[in-house]
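Reader: I have this one open on my screen and would like to talk it through with you, a piece at a time. Could you put it up on your side as well?

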Amino acid sequence: MLDSVVLRAMPLAVLVALAAGPAGAADGEKVFHEGGADPAALACVTCHGAQAQGLGAAGFPALAGTPAAYLAKQIADFRSGARMNPVMQPIATALSDAEVSAVAASLAAMPGPTVKEAGRADAAVGAGAKLALRGAWDRNVPECVACHGPGGVGVGASFPPLAGQSSEYLSAQLDAWRQGTRKNDPQALMGHIARALSDDEVRAVSEYFAGLGQWRVPQ
Amino acid sequence: MNGKPKLALLAACVATPVLAAGVAMDDQSQLTPKPAATANSTRFQPPREDDLPDNAFGKLVREGHAIFVDTQTHAAEYVGNGMNCTNCHLEQGRKADSAPLWAAYPMYPAYRKKNDKVNSYTERMQGCFQFSMNGKAPPAEGRVINALAAYSYWLATGAPTGKELPGRAYPSIAQPKGGYDIARGKVVYAQNCAICHGENGEGQKAAGHYVFPPLWGKDSFNWGAGMHRINTAAAFIKENMPLGKGGTLSDDDAWHVAAFMNSHERPQDPRLVDGSIDKTRERYHANDGVNLYGVRVDGVLLGQGTN
């Protein structure tokens, strides 16, 4: 396995192999394009797009440019059931730990979307922008950008990018929190927020952040 | 005092009927000022952003709002750290029990022990820039103060002048019976705060700008800021932290974690007397709530500054 990585001599692959460490080295690019060693570990590209930009209409999220630690945690949570998803659960289980580390690093290194500037000082027109930039503090809902960053670019390993995710994916996640099929938010920071939103607000804020990110290839 | 009469006059000249209707003289919400227990529905309600008139006054108010929520960008020349006004005044300065502007503005001019004189609202805001923002005071007649005063004035539309409203400042909480415990605070911090503010209180950035403010160190508020008082920080934390989950920490844990936060070094108090921490403690900190300026913690003297 290690030999084949070295022989490929692709800078990114080598980098990823080094990042993954000598003991459990795996090729993240290979996992992305071809899947893991276990045939049940399907290739990411199948559903997440050629450049990991996601398949919007189907609700498959963009992964490119998302911090590796966030991605690896989601895989672990699919395995444990803290995040329930019938498609991802068997794939997450079939991936080895080394493959998860490697593919997460590869995905994090892929270019994310171009994000429109949208900060707290901007005018908030419409229900989505209002939630994103002003919050709904009468229900203890902070401004989305207070944690997910300006434009929803994402902050660190725990607050994922929202800009450039499809509205289908974003609203599905908010609904998952509301229904309890997703409960892997650190310190339960997100669940109560989702549960405080109305159906209309879920739709509006999902559309708002979906509209802030632009991919070079269609989702 | 400088900006206030002028702005009031300006508002009177340009206010639209919508705004005038908001200046309800028979508003009842302020008549029975009570501490924290008052239900939210009885709190003063600042005007809605959507009702802001589309004229010169509205434009100035919007500029004040922009400075308030993104001070880093809109008043950068007066800011010396990674903070924004809204980091301490939540919901853009609107949230009751989070030092809302609508409760502060009508209470000035007021005597402040901090500098032993009667302060105008302008001077009060300048103090925020010198201490909480570790920067320098914007000029009294300048763009920043005028815009922030207009924003504050507008948020206080209909509030009584000189009458303390419920929801002002942060509701104080009692100190733990056995005193605060910095070691316990460290544990509380790791469990509840580090995810946003970082393991070492350094905050977190996105695209080069702080999203989560630094809690200590060179980019945080300085030793002269009100938040350096453990009692003030405990009250703020209890009310607001973790963000969106205010009120979930116990009173004792809020104190412990506030003590942990404020047992770290931060920028020097700009009022430093003769370069002496002892003299500065004696003059400005010895009788300023509960604080660790000039106190030794684990053998290290605090108050040395970071610059």
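Reader: Which residues are buried in α3(B)?
Author: Bearing in mind that this is a predicted model, the buried residues of α3(B) are B:F57, B:L60, B:V61, B:G64, B:H65, B:A66, B:I67, B:F68 and B:V69.

Reader: And how many residues does helix α3 of chain B have?
Author: Helix α3 of chain B has 14 residues, covering residues 56-69, and the distance from its first C-alpha to its last is 20 Å, close to the 20 Å expected at 1.5 Å a residue.

Reader: Staying with chain B, in what sense do β3 and β4 pair?
Author: Strand β3 (residues 204-206) and strand β4 (residues 209-212) of chain B pair in the antiparallel sense, over three bridges. B:A206 stands opposite B:H209 of β4(B), and the hairpin has two residues between the strands.

Reader: Which residue takes a positive phi in that hairpin of β3(B) and β4(B)?
Author: That is B:A207, with a positive phi near 50°.

Reader: Over to chain A, then: how many helices and strands are there?
Author: Chain A has 12 helices and two strands, and from the N terminus the order is α-α-α-α-α-α-α-β-α-α-α-α-α-β. Of the 219 residues in chain A, 49% are buried, and among the contacts of chain A with a separation of 6 or more, 64% are between residues 24 or more positions apart.

Reader: Where do the domains of chain A fall?
Author: The domain assignment gives domain 1 as 2-109 and domain 2 as 114-214, and the contact between them takes 15 residues from domain 1 of chain A and 15 residues from domain 2 of chain A. On the side of domain 1 that touches domain 2, eight residues are nonpolar, five are polar and two are charged.

Reader: What about α7(A), how many of its residues are buried?
Author: α7(A) is mostly covered, with 11 of its 13 residues buried, including A:E99, A:S101 and A:S106 as well as A:V100, A:V103 and A:L107.

Reader: Why does the span of helix α7 of chain A agree with what it should be?
Author: Because 13 residues (97-109) at 1.5 Å a residue should span 18 Å, the 19 Å between the end C-alpha atoms of helix α7 of chain A agrees with that expectation.

Reader: Last topic, the two chains: how many residues does the contact take from each?
Author: The contact takes 22 residues from chain A and 19 residues from chain B, and the side of chain A that touches chain B has 12 nonpolar, eight polar and two charged residues.

Methods:
Residues numbered from 1 in each chain as written. Chains lettered and ligands numbered in written order. Predicted model: local features only at pLDDT ≥ 70, side-chain atom pairs only at ≥ 80, totals over all residues. Helix = DSSP H or I, 4+ residues; strand = E, 2+ residues; numbered from the N terminus. Buried ≥ 20, exposed ≤ 12 C-beta atoms within 10 Å, placed from the backbone. Contact = placed C-beta atoms within 7 Å. Domains from an automatic or database assignment. Nonpolar A, V, L, I, M, F, W, Y, C, P; charged D, E, K, R; others polar. Expected span 1.5 Å × (residues − 1). Pairing = 2+ DSSP bridges.
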